[in-house]
Amino acid sequence: MKPRVKYGLIVGVAGMLLNVCVSAALGVCGPMMSLLAGAIAGFLTGQAEKAPEPSDGARLGALSGLIAGGLMLVGQLFGGAGILAFVQFAEIPIGFGTMPQTSDLVGTASYWGIGLGVAGCFGLVGLVLSALAGATGGYLGTPSRKTKAGSN
């Protein structure tokens with residue numbers, strides 16, 4: 001398995017498990033977790049791939065960050081679904097509006113649709129940030145192969 005895939009999956013799975021908890025507690029923080037995961041995956045990829053140029057390392061790191069970000073998106077959705085279920089079935093009072101009753105199909109569908117839509121939007125923002133951070137990490141993690149002129 002190529003390091004770009006391996007590190008994307010390793011960091012992505014670890015980040016996904018952490019992101020489920022973070023996004024359930026505070027969904028806005030999910031994209032920041034994706035940013036961190038993408039940077040780590042990209043940096044590790046840049047170190048392992050030994051690309052000839054930092055720009056090649058950035059390309060490989062972006063792919064690794066994209067893989068990690070995709071898994072972070074899944075974690076964001078699971079965390080969002082978990083908190084939606086908890087709030088609805090534990091009958092926790094919310095600070096605005098009223099919670100739809102389970103017998104109200106339209107209200108329940110709207111509750112879940114909007115809630116998962118918001119979680120998905122945060123997850124997509126995190127996906128983009130993860131790929132960008134992966135490119136930056138890959139660029140910074142690629143060892144420079146250039147030697148000074150006249151030295152061996």
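**Close-up views of a predicted model**

**View 1. The side chain of Thr142 reaches the backbone oxygen of Gly138 at 2.6 Å.** This is a polar contact (a pair of N or O atoms within 3.5 Å; within protein, one must be able to donate a hydrogen and the other to accept it, and residues adjacent in sequence count only if both atoms are side-chain atoms). The model is predicted: local features need pLDDT of at least 70 and side-chain atom pairs pLDDT 80 or more, while totals for chains, interfaces and linings use all residues. Residues are numbered from 1 along each chain as its sequence is written, and side-chain values use heavy atoms, without hydrogens and water. Thr142 counts as buried because its relative accessibility is 7% (buried is under 20% relative accessible area, exposed over 50%, partly exposed in between; 1.4 Å probe, protein chains only). Leaving aside residues up to four places away in sequence, Thr142 touches Gly46, Ala51, Glu53, Pro54 and Gly57 (contact means heavy atoms within 4.5 Å).

**View 2. Tyr111 and Trp112 form an edge-to-face aromatic pair.** Their centres are 6.0 Å apart, with 85° between the planes (rings of Phe, Tyr and Trp, the last by its six-membered ring, pair if their centres lie within 6.5 Å; planes under 30 degrees apart are stacked, over 60 edge-to-face, the rest tilted). Tyr111 is buried at 16% relative accessibility, whereas Trp112 is partly exposed at 22%.

**View 3. The charged end of Lys6 sits over the ring of Tyr7.** The distance to the ring centre is 5.1 Å (the criterion is NZ of Lys or CZ of Arg within 6 Å of the ring centre and within 35 degrees of the ring normal).
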